[in-house]
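Good morning, colleagues. Please look at the sequence and the structure on the screen while I take you through them.

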Amino acid sequence: MVLFRGGWADVDFVTGLDDAGTLPASGIDSAAAFGTRLDQWVSRVFGNRRAT
């Protein structure tokens, strides 16, 4: 993941041979917006895992 000052990021992932790609990452206008996107990216790549 690379975050750019202009409001976008390059986010690539590989979870297996059949699951790899680039995640949408434009329109990031604040640290809070980046945090929200980061949560979404982590959920996409690793699944929705909550501590119990």
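This is a predicted model: local features need pLDDT of at least 70, side-chain atom pairs count only at pLDDT 80 or more; totals for chains, interfaces and linings use all residues.

The protein chain has one helix and four strands, where helices (H or I, at least four residues) and strands (E, at least two) are DSSP runs, numbered from the N terminus. Along the sequence, these elements follow the pattern β-β-β-β-α. Residues are numbered from 1 along each chain as its sequence is written, and side-chain values use heavy atoms, with hydrogens and water left out.

Let me begin with the chain as a whole. Taken along the principal axes, the C-alpha atoms of the protein chain fill a box of roughly 30 × 30 × 10 Å. The accessible surface comes to about 4200 Å², and 54% of that surface belongs to carbon and sulfur atoms; the areas come from the Shrake-Rupley method with a 1.4 Å probe, and for residues only the protein chains shown count as cover. Of the 52 residues, 19% count as buried. Here buried means under 20% relative accessible area, exposed over 50%, and partly exposed in between (1.4 Å probe, protein chains only). Among contacts with a separation of 6 or more, 22% are accounted for by residues 24 or more positions apart, a contact being heavy atoms within 4.5 Å.

As for charge, the mean positions of the 5 positive and 6 negative charges are 7 Å apart. Lys and Arg count as positive and Asp and Glu as negative, while His and the chain ends are not counted; the place of a charge is NZ of Lys, CZ of Arg, CG of Asp or CD of Glu.

Which residues make up the largest nonpolar core? There are nine in all: Ala9, Val11, Phe13, Leu23, Ala25, Ile28, Phe34, Trp41 and Val45. Such a core is a set of buried Ala, Val, Leu, Ile, Met, Phe, Trp, Tyr and Cys residues joined through side-chain atoms within 4.5 Å. Helix α1 (residues 31-46) gives the largest share of this core, three residues. Leu23, a member of the core, is in contact with Val11, Phe13, Trp41, Arg44 and Val45, leaving aside its neighbours within four places in sequence.

Next, the aromatic residues. Rings of Phe, Tyr and Trp (its six-membered ring) pair if their centres lie within 6.5 Å; planes under 30 degrees apart count as stacked, over 60 as edge-to-face and the rest as tilted. By this rule the count comes to two aromatic pairs. Phe4 and Trp8 form a stacked pair, 5.1 Å centre to centre with 20 degrees between the planes. Why is the pair of Phe34 and Trp41 edge-to-face? Its ring centres are 6.0 Å apart and its planes stand at 70 degrees, so the pair falls in that class. Trp41 counts as buried because its relative accessibility is 7%. Phe4, at 32%, counts as partly exposed, and so does Trp8, at 39%.

Trp8 lies in strand β2. Not counting residues up to four places away in sequence, Trp8 touches Val2, Leu3, Ala25, Ser26 and Ile28. From Trp8 to Phe46, 38 residues apart in sequence, the C-alpha to C-alpha distance is 22 Å.

Arg5 is found in the loop between β1 (2-4) and β2 (8-10) and is exposed at 88% relative accessibility. Arg5 and Ile28 are 23 residues apart in sequence and 9.2 Å apart in space, C-alpha to C-alpha. Leu17 has its place in the loop between β3 (12-16) and β4 (19-22), and Leu17 is exposed because its relative accessible area is 91%. Asp39 lies in helix α1 and counts as exposed at 53%.
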